Amino acid sequence: MTKVLVPFDFSEQAQNALDFTTLLSDKFENVEIIVLHVIEVPSSSGMGTMGGGELMPQMENQIFFIELLDRRKRQFKELESKYAGNSFALSTKIVIGNAFQNISSFIIDEDPDLVVMGSTGSDGIEEVLIGSNTEKVVRTSHCPVVTVKASTNPEKIKKIVFANDFREGQDELADRIKNLQKWFDADLYLVIINTPGSFETTRESAARIKLFANTYQIDHAVAEIYNSNSEEAGIVEFAEDIDADLIAMATHGRTGLIHLFTGSIAEDVVNHTKRPVWTFKIK
């Protein structure tokens, strides 16, 4: 059984993520798709899980919440009916509380093989101070995450950009990249971004990519060295230049003050590219 989690907020981007997942399921057998919706309530409410806690004290808020919960239940019943009879099994779940915390808890408890999330991206002060739930899941999830913005057909993913430094000790990541390439039967572009702050010669970069490809027996791959002002900008620009269908990256999953000061290249790419992004947190 392949278990895929799709956090769902009824937005256009969430529907794009669900459509991507249902189409992707054709590539596997025994796929279970779990569609998770989190109803967020003000922090003054004591309600943390469905059926527990206390309703918000204001009568108008109580009425609004009950109506919203009933509407979401009806919408999920319609969703289950819509996808009934397919080769995959689709189930829905509604929880109440903080979106990121509930998604993270679900990933830990249910151990899905993949998370597919919609994202609108963010910029400026919102990106620095808040960050989206998608970014946080990308940073912390122990399983791969695919971020989808626009409507995307997995059957048309034939060019994958894998941006990395291609240094030693990446066995698990290399295996996952090979599987990713196999899923889509795609060409793989192994790219190192050369920046003014971390410059190295083309010969050095090319040798490291070649060693990586030979060590892990990666076929149908193209080695590329791309110059840019930053790694994040270079990845996005290179993907645009070759009209890539998917960007694949690793993330270190840094949190707290370290993340505040160093940021995350993977999260920046998720924010700023229009293409789907596959990420995996390395240990």
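**Close-up views of a predicted model**

H220 lies in the loop between α7 and β8. This and the other residues described below belong to a predicted model.

View 1. The phi angle of H220 is near 50°, a positive value in a residue other than glycine. H220 counts as exposed, because its relative accessibility is 63% and the cut-off for exposed residues is over 50%. Q217, which follows α7, also has a positive phi, near 50°.

**View 2. The chain as a whole.** The chain comprises 10 helices and 10 strands. Of its 283 residues, 48% are buried. Among contacts between residues at least 6 apart in sequence, 79% join residues at least 24 apart. The mean pLDDT of the chain is 85, and 85% of its residues reach 70 or more.

View 3. Helix α7 spans residues 202–215 and has 14 residues. From its first C-alpha to its last, α7 reaches 20 Å, close to the 20 Å expected at 1.5 Å a residue. Its buried residues are S205, R208, I209, F212 and A213. These residues lie on the same side of α7, because they cover an arc of only 135° around the axis. An α-helix has 3.6 residues a turn, so residues three or four places apart point the same way. On the other side of α7, R203, K210 and N214 are exposed.

**View 4. The buried loop residue F166.** F166 lies in the loop between β6 and α6. Its phi is near 60°, a positive value in a residue other than glycine. Is F166 buried or exposed? F166 counts as buried, because its relative accessibility is 3% and the cut-off for buried residues is under 20%.

**View 5. Strand β10 between two partners.** Strand β10 consists of residues 277–281 and is mostly covered, with 4 of its 5 residues buried. Strand β5 (residues 145–148) runs antiparallel to β10 and is joined to it by 3 bridges. Within this pairing, V145 stands opposite T279. Strand β9 (residues 246–251) runs parallel to β10, with 5 bridges between the two. In β10, W278 is the bridge partner of A248. In a regular strand the side chains alternate between the two faces of the sheet.

**View 6. W278 and the nonpolar cores.** The largest nonpolar core has 50 residues. The residues with the most contacts inside this core are L18, V116, I160, F162, F184 and W278. Apart from this core lies another, of 34 residues, among them L5, V138, I235 and V270. Beyond its neighbours within four places in sequence, W278 is in contact with residues including P144, V145 and V146. Further contacts of W278 include L173, R176, I177 and L180, as well as L246, I247, A248 and M249.

**View 7. Helix α3 and its surroundings.** Helix α3 (residues 99–110) has 12 residues. The distance from its first C-alpha to its last is 16 Å, close to the 16 Å expected at 1.5 Å a residue. Its buried residues are A99, F100, N102, I103, S104, F106 and I107. The buried residues of α3 pack against the strands β1 (2–7), β2 (31–39), β3 (89–96) and β4 (114–118), and against helix α5 (133–140).

View 8. L23 is placed in helix α1 (residues 12–24). L23 is partly exposed, with a relative accessible area of 37%. Leaving aside neighbours within four places in sequence, L23 is in contact with T152, N153 and P154. L23 and E155 are 132 residues apart in sequence, while their C-alpha atoms are 8.0 Å apart in space.

**View 9. Confidence along the chain.** Where pLDDT is low, the predicted coordinates should not be read in detail.

Definitions and conventions
Residues numbered from 1 in each chain as written. Predicted model: local features only at pLDDT ≥ 70, side-chain atom pairs only at ≥ 80, totals over all residues. Heavy atoms only, no water. Buried < 20%, exposed > 50% of the residue type's maximum accessible area, 1.4 Å probe, protein only. Pairing = 2+ DSSP bridges. Expected span 1.5 Å × (residues − 1). Arc of directions from axis to C-beta. Core = buried A, V, L, I, M, F, W, Y, C linked by side-chain atoms within 4.5 Å. Contact = heavy atoms within 4.5 Å. pLDDT = per-residue confidence, 0-100.
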